[in-house]
Amino acid sequence: MSSHQKSRPGPVNSTRAAPANKAEALADWTDGRLGIYALAKSNIRKIFPDHWSFMLGEICLYTFVVIILTGVWLTLFFKPSMAEVIYEGRYIPLRGVPMSEAYASTVDISFDLRGGLLIRQIHHWAAIVFVAAMLVHMMRVFFTGAFRKPREINWLFGAGLLILGMFDGFMGYSLPDDLLSGTGLRFMEGAILAVPIVGTYMSFFLFGGQFPGTEIVPRLFTVHILLIPGIMLGLLVAHLILVFYHKHTQFAGPGRTRDNVVGMPLMPVYMAKAGGFFFLVFGVIAVMSAIATVNPIWAYGPYRPDQVSTDAQPDWYMGYSEGLIRVMPGWEISVWGGHTLNMGVFIPLMIFPMVLVALWSYPFLEAWITGDKREHHIADRPRNAPVRTAFGAAWISLYLVLLAGGGNDLLATHFELSLNAITYAVRIGFFVAPVVVFVIVKRWCLGLQRRDREKVLHGRETGVIRRLQHGEFIEVHAPLPQGSLHTLTDHDQPRAVVLPAEVDENGVARRAGLLARLRAQLSRGFYGKGGQIPKPTAEEHEEITSGHGHH
């Protein structure tokens, strides 16, 4: 017998009992080729923390599934063509009106297909909720510091999903070729044309000639259903793999350490909850779609370049871009050769969004400022990171100000206000609101930290008033349970970076570089005086509780 034959292993399941039924036989057959038993054994009892805020990520996943399911159905009936036809369908007000095949097929889906309008509404509402859930989910990750090592790359994956979701949503509601979506495409064309030197070439490449051309809808259709969803699916799978690999963060509490996860196992508890929650999310979106109409294209009519829809507003997640362009002063610069730079469009729609995208690098900026290279698996309470929380709140306030600017005409008509007054208020709020919100939220967080410190040292208020012998009235405080003490004190308080002395031990001058000085200045803002309230030490707690008790 050859050495090759001698080293060949025997049958793995030679001593295994015969399968009891066909299902077990199929499982054995699959395990022999994919190793599902070992995979299930290592992952089926994986623990997930049980906290309501972690459901936000699940809403993102479930709405994405709903979008895919309804989108596949709509793809079967939508015609991505700008060829002109005469409408002869069931919707009487549009009969005899020339329109593109894209618009006509969308109207047919809405009125001629059984359940078509509901599917369209579910698809659109799911997209709106999807982006909203992603934004709120990322804000939860941001405010709790769940983006820190080793989860920085997963933060970037989430940011990529959010940005792609916004652009795919814009392309999706541009496909029907109605008057509202055509106005949005005209808006996009103006932004592209504002790019110096190459703007006209980019516009001709995208639209296949002069706006609107006949190529834009087929191109948007391909990108909307294939390119961007494919990239998003890849990012989503990578995101979930990293979540599984790194495990969830969890909030501080008894028994919860940086080396374990306290919660429910994947099977059967978590899977049962997740399955029920999926149908709950699907049901809520279906109810929203049945009672609240979104994007009624039949009321707008087909797109014509010489018309514009009344009260034209994009979906909420693109409202900031509308606000930027509406409140930006009309600023043009004439340069050599008679060329004009339209800075009133280029800055708000091309430069400012790049600044917003750059903010997604915040995890790396915070790690550089603090010099923190440790792994973090315990989520912060937002109050314990005042600067980070204030920065996030300021960003949200800026977005809301721009959203108000994007709807300045609606605010003016509905509240009978001056359009110019609203525009100037938004311009001022663009610079003032984030600063004011930052200061208020930071002081709010510091106040909550002081309250936590007092609760740790003196206990909780009981509402019981006692009169002392000398006539003074005091409120009786009860000591906190050990679990609450752990929650209130289990957080890091990094120290500010200190620059080395300007002169070393040999008397030789050494001046810190610009980046080192900038890092030290930012670090003092984060963790220096006024950046955090020192949490009570064990000695302080022991001294107060043993010496004076909780009165």
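**Stop 1**

Begin with the second largest pocket, whose volume is about 860 Å³. Select Gly57, His239, Leu240, Val243 and His248: of the 37 lining residues, these are the closest to its centre. (A pocket here is an open set of points on a 1 Å grid over the protein atoms alone, where a 1.4 Å probe fits, with protein on both sides within 12 Å along at least five of seven lines; lining residues have an atom within 4 Å of a point. Volume is the space filled by probe spheres set on the points, which are joined across faces, edges and corners.)

This is a predicted model, so local features need pLDDT of at least 70 and side-chain atom pairs 80 or more, while totals for chains, interfaces and linings use all residues. Residues are numbered from 1 along each chain as its sequence is written, and side-chain values use heavy atoms, without hydrogens and water.

Now colour α4 (55-75), α6 (116-143), α7 (152-172), α10 (216-246) and α11 (266-291), each giving the lining at least two residues. Which helix has the largest share of the lining? That's α10, with eight residues. (Helices are DSSP runs of H or I, at least four residues, and strands are runs of E, at least two, numbered from the N terminus.)

**Stop 2: a hairpin**

Jump to β9 (residues 460-467) and β10 (residues 473-478), antiparallel strands joined by five bridges; pairing takes at least two DSSP bridges. Arginine 460 sits opposite alanine 478. Five residues separate the strands of this hairpin, and glycine 471 in the turn has a positive phi of about 100°.
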